Amino acid sequence: MGTLIISAIFVLIIMGFKNSVLWLAAAGLGYVYFRYGRTGSGTAASSSGGGSPAAGSSPATYRAYRQRRDQQARWERRYSRERPLRNRRQGR
């Protein structure tokens, strides 16, 4: 899929010599692809620290797995602090 997007960017750049609006389209497509489309250690996942993989997919590295596990534990602790009545009901 990435090869298709990158080749579309190059086609838009080549076609952009006649129409400069296509260069803007290529730049926008490149930005969206490199910001959101890549899997693995992308810039969005590493900069925010909470880049979560899609549901059901396994993280690429053990570090990503640990970050996701720690984030999930923080969410669960926050949820149990904010909603103590639900925890008591589930404990019965």
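In the predicted model, G2, I5, I6, A8, I9, L12, I13 and M15 of helix α1 meet L22, W23, A25, A26, L29, G30 and Y33 of helix α2, where contact denotes heavy atoms within 4.5 Å. The residues of this contact comprise 13 nonpolar, two polar and no charged; Ala, Val, Leu, Ile, Met, Phe, Trp, Tyr, Cys and Pro are counted as nonpolar, Asp, Glu, Lys and Arg as charged, and the others, Gly among them, as polar. Residues are numbered from 1 along each chain as its sequence is written, and side-chain values use heavy atoms, with hydrogens and water left out. As the model is a prediction, local features need pLDDT of at least 70 and side-chain atom pairs count only at pLDDT 80 or more, whereas totals for chains, interfaces and linings use all residues.

The protein chain contains five helices and zero strands, and its pattern along the sequence is α-α-α-α-α. Helices (H or I, at least four residues) and strands (E, at least two) are DSSP runs, numbered from the N terminus. Among contacts in the protein chain between residues at least 6 apart in sequence, 13% link residues at least 24 apart.

Helices α1 and α2 pack at an angle of about 160 degrees, and their axes lie 7 Å apart. The arrangement of α1 relative to α2 is therefore roughly antiparallel, the class assigned to angles over 145 degrees, while those under 35 count as roughly parallel, 65 to 115 as roughly perpendicular and the rest as oblique. Axes are lines fitted to C-alpha atoms, for helices over the stretch in contact, and angles run from 0 to 180 degrees between N-to-C directions. The crossing of the two helices, α1 and α2, is left-handed, that is, the near helix is turned anticlockwise from the far one by less than a right angle.

The largest nonpolar core consists of five residues, I5, I9, L12, A26 and Y33. The elements giving two or more residues to this core are α1 (2-15) and α2 (21-37), and α1 gives the most, with three residues. Such a core is a set of buried Ala, Val, Leu, Ile, Met, Phe, Trp, Tyr and Cys residues joined through side-chain atoms within 4.5 Å.

Individual residues illustrate the pairing. Beyond four places in sequence, A26 touches I9, L12 and I13. L12, located in helix α1, touches L22, W23, A25, A26 and L29 under the condition that residues up to four places away are not counted. L22 lies in helix α2 and is partly exposed, with a relative accessible area of 21%. Neighbours within four places aside, L22 is in contact with L12, M15 and G16.

Note on methods: Buried < 20%, exposed > 50% of the residue type's maximum accessible area, 1.4 Å probe, protein only.
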